[in-house]
Amino acid sequence: METITINTGAAVSKILLGEKLSNLALYLPKGKKTIIITDNNIKQYYSQYFNGFDVIELPTGEENKTLSTLDYIMARLVELEADRTSFIVGIGGGIVCDTTGFAASVYMRGVKFGFVSTSLLSMVDASVGGKNGVNFGGFKNMVGVFNQPEFVICDFEMLKTLPRSEYIGGFAEIIKHAAIKDFSYLEYLEANVEKALNYDLQVLQQIIGDSVRIKAAVVTADEREKGERKKLNFGHTFGHGIEKLTQMPHGEAVAIGMCLAAEVSVKKGILSLNEAQRLKQLIVAYQLPVDLKQNKTLLLNAMKKDKKREGEEVHLILLKSLGNAEIVSITYKELEGLL
Ligand SMILES: NC(=O)c1ccc[n+]([C@@H]2O[C@H](COP(=O)([O-])OP(=O)(O)OC[C@H]3O[C@@H](n4cnc5c(N)ncnc54)[C@H](O)[C@@H]3O)[C@@H](O)[C@H]2O)c1
């Protein structure tokens, strides 16, 4: 087991890599009421670990990451007589963690909370960094708060029940971390494709640890996304547009988005073609898509509807080399020409 501590100044959060769900009780405040928030799938596989706790069960799916679900959670917390001393644990993927963190942050003006992160994406991304929230009016994560969980348990064994497509999708964020911050991590990913795809626990410990360390360092330096944290959006500006346009799963859209961002980096003369191809090969090795079948003009139109759009310009994260990213402002007109 390895512990990575995130200290933002305002809060300290411990990421417990390789800890077991069965040890959850060790991290809970003694003598206080603990309430678990989870989803139908997780309950189906892991309900034996929930004995003795009150459980709030949510339906699965992005369409349920809404204020109505928050309303339901608030009503259940009142019914369960949760008070300011109660502790809330979200056990699930990114949707459960984002929703739980938000609910805990606003219930009675905030109660303490922790996560057991159960999907690969959630372990390396969603539950690290303190962004909590729900979707609103068709926009993702439109309503929410910054607030750190007390702890995040990452039990790698739980990944074996995660649907395979969700597991593969998580590697898009992992490749992103290596591409923007750490060339030697990228080399490690290249050398360990088979083991990583076969749930090798040692390799997972290394990979998830490296990703969490990268995200934790970025978040510690820039919790509110004023500068450095924007680099975590590598592949996402295109990716969100692709998701809107095609309803493709997030990981696949980000994988194609990273290839497009690398292509723009090459066309702007800041990344070599060889390096862009190497990134593409890594994405293919992890069984993720690299090509957009749709027309790029349709993609740009979808991107223009993004809530993070800033006037006629878009902030793109481009690569200077593998392991080194920069934030570039570019007009949609120039982007259309480049693509
Ligand atoms: N807060 C952040 O910084 C941040 C960052 C990235 C993504 N996100 C959010 O995360 C969400 C996506 O998270 P996700 O990919 O984990 O999706 P998810 O929470 O929907 O989980 C994927 C599916 O797998 C199931 N599942 C999860 N773990 C399982 C396990 N161990 N065994 C069996 N089934 C399991 C879930 O029930 C669900 O059906 C999005 O809403 C996204 O906005 C947030």
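Visitor: What volume does the second largest pocket have?
Guide: This is a predicted model in which local features need pLDDT of at least 70 and side-chain atom pairs count only at pLDDT 80 or more, whereas totals for chains, interfaces and linings use all residues. Residues are numbered from 1 along each chain as its sequence is written, and side-chain values use heavy atoms, with hydrogens and water left out. With a pocket taken as an open set of points on a 1 Å grid over the protein atoms alone, where a 1.4 Å probe fits and protein lies on both sides within 12 Å along at least five of seven lines, and with volume as the space filled by probe spheres set on those points, the value is about 230 Å³.

Visitor: Which helix gives the most to the lining of the second largest pocket?
Guide: The lining (residues with an atom within 4 Å of a point) holds 14 residues, of which Cys-259, Leu-260, Ala-262, Glu-263 and Lys-280 are the closest to the centre. Helices H10 (250-267) and H11 (273-285), which are DSSP runs of H or I with at least four residues, each supply at least two lining residues. The most, 6 residues, come from H10.
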